[in-house]
Every structure is written in C-alpha cells, then in structure tokens.
Amino acid sequence: KKFQQLFPLHTRVKKWFDESDDAPAGYYHGVVAKFDEDQGWYRILYDDGDKEDVSEKTMFKIASKKVVNAILDAQKTAVGSLDQRQTDQQRALRKEAKLRE
C-alpha cells in the first residue's frame, strides 16, 4: 500500500527542540524536502542544515495553521460528507494548530 502525500514539497515547518549539546532550545524552521510513499514519512530539512524524518501526525503539529486548515478543507471537499469520527479528528487537529499560534 502506498501512502498519500498530504503536505507538498517545500511546505514550511516550525518545530520546538529542547536544548542539546549542539544547539540551544528554541523553534527551528525548515521545509519538506522529500516524501516516502512506501513508509509515509516526510524528510524535513532545517534551515540550520539538520534533517529528520517525521510522520504525518507530526506534520500536522509542525506545519502552519494555514497549511493544516487548507489540507483539512481539501480533504473535506474531496470526500463530500464526512462521518462524525472524521469531523472530530478535524476539530482536534484545528484546535491543536490554533494552540501553536
């Protein structure tokens, strides 16, 4: 089964990292550089040169509220009418995105 890519390449992200030996704590910015349709992960290339692979769930947490809402709206339009479970999931993701702002 192939995974569907929801977040396009070059989507900007912002993720909090705790302090480490190499870097101070803070938000780090990056972009989606690759999507693996076999595993469903997104490769994030951070502005400081670091990279990491993240899940779709993490993408919903680190992408901007505007991008998350656009993806959720597109899914809603594509599906037509959503069942209650999907609606609840959308509400939860929107609330999470709003809290990050």
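Two strands pair if DSSP finds at least two bridges between them; helices (H or I, at least four residues) and strands (E, at least two) are DSSP runs, numbered from the N terminus. The model is predicted: local features require pLDDT of at least 70 and side-chain atom pairs count only at pLDDT 80 or more, whereas totals for chains, interfaces and linings use all residues. Residues are numbered from 1 along each chain as its sequence is written, and side-chain values use heavy atoms, with hydrogens and water left out.

**View 1. The four-stranded sheet.** The chain has three helices and four strands, following the pattern β-β-β-β-α-α-α along the sequence. The strands form an open sheet in the order β1-β2-β3-β4, with antiparallel pairing. Its edge strands, each pairing on one side only, are β1 (12–17) and β4 (51–54). From one strand to the next, the twist averages 40° (axes are lines fitted to C-alpha atoms, for helices over the stretch in contact, and angles run from 0 to 180 degrees between N-to-C directions).

View 2. The antiparallel strands β1 and β2 are joined by six bridges, and V13 stands opposite G30 in β2. Six bridges also pair β2 with β3 in the antiparallel sense; here the bridge partner of F35 is Y42 in β3. The hairpin of β2 and β3 has four residues between the strands, and G40 takes a positive phi near 85° in it. Between β3 and β4, which run antiparallel, there are four bridges, and I44 has E52 in β4 as its bridge partner. In the hairpin of β3 and β4, with four residues between the strands, G49 takes a positive phi near 100°.

**View 3. The largest nonpolar core.** A nonpolar core is a set of buried Ala, Val, Leu, Ile, Met, Phe, Trp, Tyr and Cys residues joined through side-chain atoms within 4.5 Å. Buried means under 20% relative accessible area, exposed over 50%, and partly exposed in between (1.4 Å probe, protein chains only). The largest such core holds 18 residues, of which F7, Y42, I44, M59 and F60 touch the most other members. At least two residues of this core come from each of β2 (26–36), β3 (41–46), α1 (56–62) and α2 (65–79). Leaving aside residues up to four places away in sequence, F7 touches V32, Y42, E56, M59, F60, A63, V67 and I71 (contact means heavy atoms within 4.5 Å). Buried residues make up 29% of the 101 residues in the chain.

**View 4. Aromatic pairs.** Rings of Phe, Tyr and Trp (its six-membered ring) pair if their centres lie within 6.5 Å; planes under 30 degrees apart count as stacked, over 60 as edge-to-face and the rest as tilted. Six aromatic pairs are found in the whole structure. The ring centres of F7 and Y42 lie 5.7 Å apart with the planes at 85°, so this pair is edge-to-face. It links F7, in the segment before β1, to Y42 in strand β3, 35 residues apart. Both F7 and Y42 are buried. W16 and Y27 form another edge-to-face pair, with 5.2 Å centre to centre and 75° between the planes. Because W16 lies in strand β1 and Y27 in strand β2, this pair ties together parts that are 11 residues apart in sequence. W16 counts as partly exposed at 45% relative accessibility, and Y27 is partly exposed with a relative accessible area of 46%. One aromatic cluster is formed by F7, F35, Y42 and F60.
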